[in-house]
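Please read these notes with the model open beside you, and take the points in order. Each one names the residues to look for.

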Amino acid sequence: MKRTRFNFENTYTSLPAAFFHLDSPTEFPNPQLVIVNHELAKSMSLDFSTLPDDQQAALFCGNLVPEGSEPFSQAYAGHQFGNFTMLGDGRAHMMGEHVTPNDERFDIQFKGSGPTPYSRRGDGLAAIGPMLREYIISEAMHALGIATTRSLAVVTTGKMVIRERPLPGAVMTRVASSHIRVGTFEFAAATQKPELLSAILEYTIKRHFPELKNSEMKALSLLRSVMERQICLMVNWMRVGFIHGVMNTDNMALSGESIDYGPCAFMNSYNPDQVFSSIDQHGRYAYSNQPKLAHWNLARLAEALLPLIDEDADKAEELAKEVLNEFDDSYQKERLTMMRQKLGLLGELESKEESDEKLISDLLEWMHKHGADFTNTFRDLSAATTPTGQHYDNEEFTRWHTRYTARRLEHGQSMEASIKCMQAVNPSVIPRNYIVEQALEEAESGDLSLMHELLAALKSPYDSNEKNEKFQTAPHPSDKAYQTYCGT
């Protein structure tokens with residue numbers, strides 16, 4: 001049975017009051033519905049389609065507070081570009097935890113819903129462009145099979161937001177397994193109140209890692225479990241050429257979901273040092289650095305957990321380091337598996353590990369040297385015929401492809417199986433930055449046609465068809481100067 005109302009429970013507010021502040025969204029003058037993710041709603045046993053647009057707009061901006069809601073903003077801390085600071089939801093309100101008939105639990109959060117006690121000097125608002133960007137990118141990530149928060153709706157508020165220029169204000173409804181971050185634990189540790197740290201540990205285990213409830217070393221087990229999820233997430237980001245842009249510790253969710261799509265983008269020409277964020281002046285969060293930063297963030301989580309790992313500080317540190325030291329080997333193992341899939345190198349051939357790594361690195365070096373498009377190159381290799389034209393008609397690629405073909409024949413499985421494997425992990429369609437920008441620019445003027453067309457293509461990113469061809473074209477070289485902004 002589909003509900004037009006959320007089925008809210010509020011377990012987060014059972015935590016000590018330091019973790020949140022009861023606070024209602026701003027009431028906006030003239031909310032207008034922009035988009036509702038009816039597919040997502042259906043998966044949560046919800047159906048808003050029977051509600052008039054004005055009621056949906058009021059619901060998804062906070063003017064109409066849903067039954068059972070107890071709005072609040074969360075407190076957390078974070079290392080932002082390596083610098084620790086106390087933070088919190090400066091422009092977001094948690095409306096409640098929606099529980100489905102299958103007992104799945106989802107946070108329902110409004111983003112851009114007005115100032116909170118954690119806003120500092122911010123206005124607590126959001127412009128329509130960044131909110132629709134998050135809608136597009138999060139839906140793309142979901143369709144790509146990557147763990148992510150999702151967007152349920154976007155409404156305009158009837159209030160202008162001042163950024164570089166006046167822009168239509170908007171509120172996005174975000175759906176997440178939870179909003180517990182590494183920064184949530186950093187906040188608890190920074191208070192130097194052991195009871196807060198213990199409370200968030202127990203809550204996190206109960207909500208996300210119930211298999212750890214009887215563990216003799218819960219904090220250490222949590223660290224390892226979170227690390228496993230982050231390794232999986234990083235491997236998938238790297239698989240599709242996704243660059244998050246702001247991998248601060250407050251942007252790492254313990255659930256393992258991608259969260260906070262600010263200055264994010266997808267890589268075009270392969271470049272391990274690619275950065276799109278306007279605020280990342282030194283490449284801290286460049287494409288190739290993302291696994292390292294995930295490891296660094298996990299070390300900050302470990303530091304916060306030390307008092308709960310062992311009463312002996314030296315022993316606690318030693319135990320935490322033992323877990324963290326597993327990161328590199330685990331990541332490299334998962335990465336090699338992923339890259340073998342991208343190249344259709346089937347079979348459990350341990351003896352080929354070194355030569356496969358060489359085959360992979362040589363391809364990436366060639367791609368970087370020739371400015372080959374990351375997405376299209378792997379998709380071209382996924383075809384039944386040898387790629388021709390563009391960058392492929394050179395002796396260097398021909399020699400590599402000869403080695404590659406010989407390696408594929410060694411696994412003893414059909415070429416059809418190899419191609420099927422490749423096409424399942426190499427997307428043909430990603431949210432190309434220049435197309436996203438065009439869609440957002442038109443949406444700001446009230447024309448959503450390109451955005452809807454793009455969203456339709458992104459629902460089946462591994463399919464190749466004529467309708468999707470316009471979204472597969474790599475941008476003109478001038479796009480190399482493309483930058484993204486956080487939108488605050």
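This is a predicted model: local features need pLDDT of at least 70, side-chain atom pairs count only at pLDDT 80 or more; totals for chains, interfaces and linings use all residues.

1. Residues are numbered from 1 along each chain as its sequence is written, and side-chain values use heavy atoms, with hydrogens and water left out.

2. A search of the whole structure finds 21 aromatic pairs (rings of Phe, Tyr and Trp, the last by its six-membered ring, with centres within 6.5 Å; planes under 30 degrees apart are stacked, over 60 edge-to-face, and the rest tilted). The ring centres of Tyr-12 and Tyr-203 are 5.6 Å apart and their planes stand at 90 degrees, so this pair is edge-to-face. Because Tyr-12 lies in the loop between β1 (8–9) and β2 (20–22) and Tyr-203 in helix α5 (residues 194–208), the pair ties together parts that are 191 residues apart in sequence (helices, H or I, of at least four residues and strands, E, of at least two are DSSP runs, numbered from the N terminus). Both Tyr-12 and Tyr-203 are buried (under 20% relative accessible area; exposed is over 50% and partly exposed in between, with a 1.4 Å probe and protein chains only).

3. Ring pairs also join Trp-366, Tyr-392, Phe-397, Trp-400 and Tyr-404 into a cluster.

4. Arg-181 lies over the face of Tyr-76, at 4.3 Å from the ring centre, and Arg-284 lies over the face of Trp-296, at 4.8 Å from the ring centre (for a charge over a ring, NZ of Lys or CZ of Arg is within 6 Å of the ring centre and within 35 degrees of the ring normal).

5. Is helix α3 largely enclosed or open? Of its 16 residues, 13 are buried, so α3 is largely enclosed by the rest of the structure. Just after α3, Gly-145 takes a positive phi of about 85 degrees.

6. A search of the whole structure finds zero disulfides (pairs of cysteine sulfur atoms within 2.5 Å). For Cys-232, the nearest cysteine sulfur is that of Cys-421, 16 Å away. Cys-232 is partly exposed, with a relative accessible area of 46%, whereas Cys-264 is buried, at 0%.
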